[in-house]
2 protein chains.
Amino acid sequence: MPRTVDHEERRSEILEAFVRVATREGLASVSLRAVAIEAGISLRLVQYYFETKAGLMQAGLELLERQSNQRWARRAAELPRPPMARSMLLTLFEEALPTDGASRQFHLLWMSYAILAQTDPGTANHPFIAGPNRIRERIVAILARGRDDGEMRPDLDVEAEATILLGILNGFGTAVLVGQMTADTALSSISYQLERFSPS
Amino acid sequence: MPRTVDHEERRSEILEAFVRVATREGLASVSLRAVAIEAGISLRLVQYYFETKAGLMQAGLELLERQSNQRWARRAAELPRPPMARSMLLTLFEEALPTDGASRQFHLLWMSYAILAQTDPGTANHPFIAGPNRIRERIVAILARGRDDGEMRPDLDVEAEATILLGILNGFGTAVLVGQMTADTALSSISYQLERFSPS
DNA sequence: CGCGTTATGATACGATTGTATCATAATACC
DNA sequence: GGTATTATGATACAATCGTATCATAACGCG
């Protein structure tokens, strides 16, 4: 069969197997052999497509980044336009919270990588700074538009509010992830905070 | 030397070594041998005082819980009384954020355990639900007192505000931990949110 | 059709890990 | 003071892991 194999396709399949194993048994205890079994291939192939384990781990993180970005891009594209700023924010938060199983897996892996990056020099810390910053900027833009459209108070401090909203989003995200809070409670609580922005 | 050894004392020493290793190299990659070397004892002794590795891990988590509780108790005891609700909240948040190195280590380990509990059935998930809930109740109590004392608005929804404040606290905690945000920014942002509670 | 490159299989190796075993030193107690 | 119990040391073992090696099968291309 060889020679005519789509490398990218194959790498994707292995990466998906990697994600499944990592979310099922934890990022720390993932082994090349377990990934190979999960993907239904031999250990050698995992080595072949990702030279080393570090390479596989790094590719896994990059996949998470890509998936995250493209999911938000897709969501933004299929939004009715022009929606209210408040509903846009609620949609954003609903998307960002670990509501369904897939999102839960994503959050779990993302946080595992974030924790790993704090002790392992081989794991890039940059995504965990740039990622939230991008979300923050998106929140800022939505808030500014809501303010300029008169949907929200004219004296709204969009920068300060975005910082707080992002904090709430992150906090609720992990709270929902560990089961301390339901996604519904989180969303209605966020809605409560958004009501503050309405013009008096 | 044997027979007259303070078991609790010895266990504490080993646990402290465990915490040092875990925060330095990551909770996942901690080994009994590394803990033994860190504590300056033999591998056998670690086995002797904590039958298995799972026992050591569990004891480590319980130590974190104890330290966390007693730190908050100490802080609460040495507070000037009766302080303003707002300053009490700021003190609470400052204590809860990973400002200094020790607090950073604590947060890192705590989150590592929280993540681990999501995939490892051997790690109790209960602390990561009960812990935040206790903090939330504390916030509720302070807010209620501030409202009743007239320091804050009489129509303050203490439950809803406490939920949001706890979310911000958690979110900022990890944001500071991963370096996305400074502790100063986090504190001033929280202060901004607290200003909302002042009577008009 | 043959050859060289790509792709895959089988397997081995050294390191590390958690755990178990055996021996023995030190002390409390009768 | 002898003895049973506690405490500690040394070491072994099987499993697992990441990585490396060698062989070989499959195909594109001239």
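At what angle do the axes of α6(A) and α8(A) cross? That was my starting point today, and I kept in mind that this is a predicted model.

**Entry 1: α6 and α8 of chain A**

I looked up the pair and found that the axes of α6(A) and α8(A) cross at roughly 110° and come within 10 Å. Angles of 65 to 115 degrees count as roughly perpendicular, so α6(A) is roughly perpendicular to α8(A). Next I listed who touches whom. From α6(A) I noted Arg104(A), His107(A), Leu108(A) and Met111(A), and from α8(A) I noted Gly173(A), Thr174(A) and Leu177(A). I sorted the residues of this contact into three nonpolar, three polar and one charged.

**Entry 2: α1 and α4 of chain A**

I reminded myself that two packed helices are described by the angle between their axes and the distance between the axes. For α1(A) and α4(A), which covers residues 53–77, I got an angle of about 90° and axes 10 Å apart. These two helices are therefore roughly perpendicular to each other. On the α1(A) side I wrote down Leu15(A), Phe18(A), Val19(A) and Ala22(A), which meet Leu56(A), Ala59(A), Gly60(A) and Leu63(A) of α4(A). The tally for the contact of α1(A) with α4(A) came out as seven nonpolar, one polar and no charged.

Phe18(A) made me curious, so I followed it up. Which residues does Phe18(A) touch, leaving out those up to four places away in sequence? I found Val30(A), Val35(A), Leu56(A) and Gly60(A). Then I checked the largest nonpolar core, which has 110 residues. Phe18(A) and Phe18(B) are the ones with the most contacts inside that core. My course notes say that in soluble globular proteins, nonpolar side chains tend to be buried together.

**Entry 3: chain A as a whole**

I stepped back and counted nine helices and zero strands in chain A. The C-alpha trace of chain A spans about 65 × 35 × 30 Å along its principal axes. Chain A has 200 residues, and 38% of them count as buried. I also looked at contacts in chain A with a separation of 6 or more, and 59% of those join residues 24 or more positions apart.

**Entry 4: two domains**

Where are the domains of chain A? The domain assignment gives domain 1 as 1–51 and domain 2 as 58–195. Their centres, taken over C-alpha atoms, are 29 Å apart. Seven residues of domain 1 of chain A are in contact with nine residues of domain 2 of chain A. The domain 1 side of that contact has six nonpolar residues, one polar and no charged.

**Entry 5: chain A against chain B**

Chain A puts 36 residues into the contact with chain B, and chain B puts in 35 residues. On the chain A side, the elements giving two or more residues are α1 (7–25), α6 (101–119), α7 (127–148), α8 (158–177) and α9 (183–194). I noted that α8(A) gives the most, with twelve residues. The chain A side divides into 18 nonpolar, 14 polar and four charged residues.

**Entry 6: one loop residue in chain B**

Last, I picked Ser31(B), which sits in the loop between α1 (7–25) and α2 (32–39) of chain B. Ser31(B) has 13 other C-beta atoms within 10 Å, so it is partly exposed. I also compared Ser31(B) with Thr182(B): they are 151 residues apart in sequence and 32 Å apart in space, C-alpha to C-alpha.

Conventions:
Residues numbered from 1 in each chain as written. Chains lettered and ligands numbered in written order. Predicted model: local features only at pLDDT ≥ 70, side-chain atom pairs only at ≥ 80, totals over all residues. Contact = placed C-beta atoms within 7 Å. Helix = DSSP H or I, 4+ residues; strand = E, 2+ residues; numbered from the N terminus. Nonpolar A, V, L, I, M, F, W, Y, C, P; charged D, E, K, R; others polar. Axes fitted to C-alpha atoms, helices over the stretch in contact; angles between N-to-C directions. Parallel < 35°, antiparallel > 145°, perpendicular 65-115°, else oblique. Domains from an automatic or database assignment. Buried ≥ 20, exposed ≤ 12 C-beta atoms within 10 Å, placed from the backbone. Core = buried A, V, L, I, M, F, W, Y, C linked by C-beta atoms within 7 Å.
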